[in-house]
Each structure stands twice: as structure tokens, then as C-alpha cells.
Amino acid sequence: MTAALAERLKTETRALHRAAERSAFMAALLRGDMQREGYGLLLSNLHALYSALELALGRHASHVMIAPVFLPALWRTQALELDLQALHGSAWRGRLALMPATQAQVVRLQALDADAPERLLSHAYVRFLGDLSGGQILRRIVAGSAGLGAQDALNFYDFGDAAAARALTLAFRTGIDRLPSNPAQEEAIVDEAKRAFEWHLQLFDELASASGAGSYQTV
């Protein structure tokens, strides 16, 4: 079942993943057109997500569906705080608004923490593997973007050197392979991963409107 789960997560979320990558907000970021305020909004909203996700993962570290992928080396909350401090100072929490999509997603993660911790795996899969792959491309773009001035605010993308990042990716994927067989939970995890990508689509639309990135064409 676990090999099938890994393949289903990849194939059944592919279209949503591509749609998120091609959103107007991400297109602006990938072209280096993002300004500091818009980028700060992205990081602050991701901070709220990671805070809720990592807190829940920590509470369920011994859960049979969480333990194999419990990798605190992947956690991003503290890295995001460092970057937000560097970009926007100590008052960033009061300056950078949380989008409605983020508020709804935090509520969702809190509900999973209470009632369905196995589905936290879906959100870990969507975020952490994306950070380890596409995030490394974004690191170079963010570092070179004059509008961001973020050369000293790249902690979010720092997983060590390339070998360390590959090792973390392998460890996470190996963890999925070690999950126990449970077809009902597999279905729920795939559905939750789709829901997580749909949240990203909604968030990127809201960020585009808030930051003016919606005026850019998608790629």
C-alpha cells in the first residue's frame, strides 16, 4: 500500500501542483518581479501554517502514520521568523496580514490535530517536499531579486548543502514507504493532500490581490 500511496500522492495532486506553480503570484516571484511587501505577506502566511502544522506533528510524533516521516530537520517555523525579522523588523507580526485562506487552513490543521492526526501527513508531504525541491530554485531567485533585498533572509530555504537536502528528501520518501497498509487511510491522505494544494491556490490568489501581483500574467 505504501508504494501505491507515494505514487498516488504524486500523480493525483500533479494538476493542482502545476496550477499552484503557474498562479499569478508565483509567476511574479519566479520572474523576480516580487516586491518586499508581497514576499513578506507570503512568508508570514507560511509562518502561520508551519506553526500550526509543526505543533501538531510534535504532539503526534509517535503516531503510527506520523513517526516514519517525523523529521524536525525539515521544520521551517524558526527559519521563517528569522527571515521575517530580517525583512520587516520585530513588528512584522502586526504589519503583515493573514489571508482568509490561511486562517481557514490553520483551523483545519487544528481540527486534524484533535481528530485525524494521520491526515497531517498530507500537509507535511505538500509543504516539506516542495521546500526541498522547488524551494531550492526559489532560493536563487529570491537572493538575486533587487526588489526583495533578501540576501540575508534565506533561512527558509536552507536545509544544508545539496547532499543534506537530498538525504532529507530520501528520508521523507522512505518514511512514506514504511507506513502501514490501510486503504481507508490512504484514500483520506490523498484527499487531504488535494485539499492542501487547493488551499495554496486560494492563498496565492489572495496574495496576488493584496500585493498587486495579480497584474502579472501567469506562465
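This is a predicted model: local features need pLDDT of at least 70, side-chain atom pairs count only at pLDDT 80 or more; totals for chains, interfaces and linings use all residues.

I began with the charges: the chain has 21 positive and 23 negative ones, and their mean positions are 3 Å apart. For this I counted Lys and Arg as positive and Asp and Glu as negative, leaving out His and the chain ends. Each charge was placed at NZ of Lys, CZ of Arg, CG of Asp or CD of Glu.

Residues are numbered from 1 along each chain as its sequence is written, and side-chain values use heavy atoms, with hydrogens and water left out.

**The chain as a whole**

I looked up the secondary structure and found eleven helices and zero strands. Here helices (H or I, at least four residues) and strands (E, at least two) are DSSP runs, numbered from the N terminus.

Next came the overall dimensions. The C-alpha atoms fill a box of roughly 50 × 30 × 30 Å along the principal axes. The radius of gyration is 17 Å, which agrees with the value near 17 Å for a compact globule of 219 residues. That radius is taken over C-alpha atoms, and the globule rule is 2.2 Å times the number of residues to the power 0.38.

For the surface I noted about 9800 Å² of accessible area, 52% of it belonging to carbon and sulfur atoms. The areas come from the Shrake-Rupley method with a 1.4 Å probe; for residues, only the protein chains shown count as cover. Buried residues make up 49% of the 219, where buried means under 20% relative accessible area, exposed over 50%, and partly exposed in between.

I also checked contacts (heavy atoms within 4.5 Å). Of those between residues at least 6 apart in sequence, 84% join residues at least 24 apart.

**The core**

Which residues touch the most other members of the largest nonpolar core? They are L29, Y39 and F172, in a core of 68 residues. Such a core is a set of buried Ala, Val, Leu, Ile, Met, Phe, Trp, Tyr and Cys residues joined through side-chain atoms within 4.5 Å. Helix α4 (residues 36-59) gives it the largest share, twelve residues. Beyond its neighbours within four places in sequence, L29 contacts M34, Y39, L42, L138, I141, V142 and L148.

I found F128 in helix α8, buried at 2% relative accessible area. Leaving out residues up to four places away, F128 touches Y50, L53, E54, L57, L74, W75 and F172.

D131 lies in helix α8 (residues 120-132) as well. Is D131 buried or exposed? It counts as buried, at 4% relative accessibility. With residues up to four places away left out, its contacts are Y50, R76, Q136, F156 and F159.

R108 sits in helix α7 (residues 100-115) and is buried at 18%. Not counting residues up to four places away, R108 touches R119, E192 and R195.

My last stop was E12, in helix α1 (residues 2-12). E12 is partly exposed at 31% and touches V190 and K194, again not counting residues up to four places away. Its C-alpha atom is 30 Å from that of G160, 148 residues apart along the chain.

Terms used:
Buried means under 20% relative accessible area, exposed over 50%, partly exposed in between (1.4 Å probe, protein chains only).
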